[in-house]
Amino acid sequence: MLDNEIKICYHNYVEKGCFLGFTPLSITCKAFYFGEFMELKKIAITTDTNSGMIPGELKERGIFVLPMPFTLDGTDYLEIVDISHEQFWERFNDSSVVSTSQPSIGNLTDFWADILKEYDEIVHIPTSSGLSNSFFTAENLAKEFDGKVKVVDSKRISIILHHLVVNVADYRDQGKTSDEIVSYVEETREDYSLYFSLKTMEYLKRGGRVSPAAAAIGSILKIKPILKMRDGKLEKSAVVPERKASETMKKSIENDLATKFKDLADKGEIAISCAYTNNYEEATARLEELKEYLQKNFPNVEYHFVNSTSISVACHTGPGTYGFSISRIVK
């Protein structure tokens, strides 16, 4: 609120002196302020494909997604634009070499400049600064846009970044300013849990996260690693026998709902989603199993997305990966 004096309601105005509201799709609204109408700024929310979101899918909601670059076996691609996730897995094999990078300054400049032709401001929510330097690049570049672009560290990636971006759009549609949106992200960005179950340690070995010896032993003993996101970084949560991986994931989610998220879960302000690499059917079934497991004790929890992970996540976790997320939602 501007000086706590602006009052916004969600009705069409008839004449001056009445409140003028807005629809969620219009984004821009007018407010009655000291006896006069004033127009609030039209704000776009931007992120990148590391969220698992598809460029253009929520454009009508004022959400824009920047494609992330990567290289597969010597060929450069922009995620989704040049190659879909399905095509990536068709071309991927055990000997494939994949590397990821951040968008060029030119691509990011053009991305924002095009959006600002229709919007007054941008709130940019990129991948966690703990996982990519793209946040710092964006933060520095935003200084060239005369205050029209605000960059905030999400501390997230994949499905939990997707949830955050959608939440922020819902929050913006309540008539919030860009500064209020940035504060909201900073206050709520830790309200999540994210776990990934990996089929193999091979890709952790390639990324230097486990030693070749540990990966070999894990393969022989059929041990599966489970990763958890903490403080904006992915780290090992547990290493368990393959037969116990699913149960361990369920119990981790259950414990978080019963402790960290208990009040929010009771109020119906929690959603659970699932992310996957190349195993949509398995991921969908896993989410249904989790829902049945939790339904009795947590009846107010919602179940939202089953989304493909980004290439940047997939190349470090490998095929057969799936993950569960807990995220706070705007009510």
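Helices here are DSSP runs of H or I with at least four residues, strands are runs of E with at least two, and both are numbered from the N terminus. The model is predicted, so local features need pLDDT of at least 70 and side-chain atom pairs count only at pLDDT 80 or more, while totals for chains, interfaces and linings use all residues. Residues are numbered from 1 along each chain as its sequence is written, and side-chain values use heavy atoms, without hydrogens and water.

Let's start with helix 10. Its 15 residues, 280-294, reach 21 Å from first C-alpha to last, close to the 21 Å expected at 1.5 Å a residue (1.5 Å times one less than the number of residues). Ala283, Arg286, Leu287, Leu290 and Leu294 are buried (under 20% relative accessible area; exposed is over 50%, partly exposed in between, with a 1.4 Å probe and protein chains only). These residues cover an arc of only 100 degrees around the axis, which puts them on the same side of helix 10; the arc is that of the directions from the helix axis to the C-beta atoms. On the other side, Glu281 and Glu292 are exposed.

The cover over the buried residues of helix 10 includes these elements, in contact through heavy atoms within 4.5 Å:

| Element | Residues |
|---|---|
| Helix 8 | residues 245-258 |
| Strand 13 | residues 270-276 |
| Strand 14 | residues 302-308 |
| Strand 15 | residues 322-328 |

Strand 15 also holds Ser325. With 0% relative accessibility, Ser325 counts as buried. Leaving aside residues up to four places away in sequence, Ser325 touches Ile159, Ile160, His163, Ser193, Leu194, Ala271, Ile272 and Ser273.
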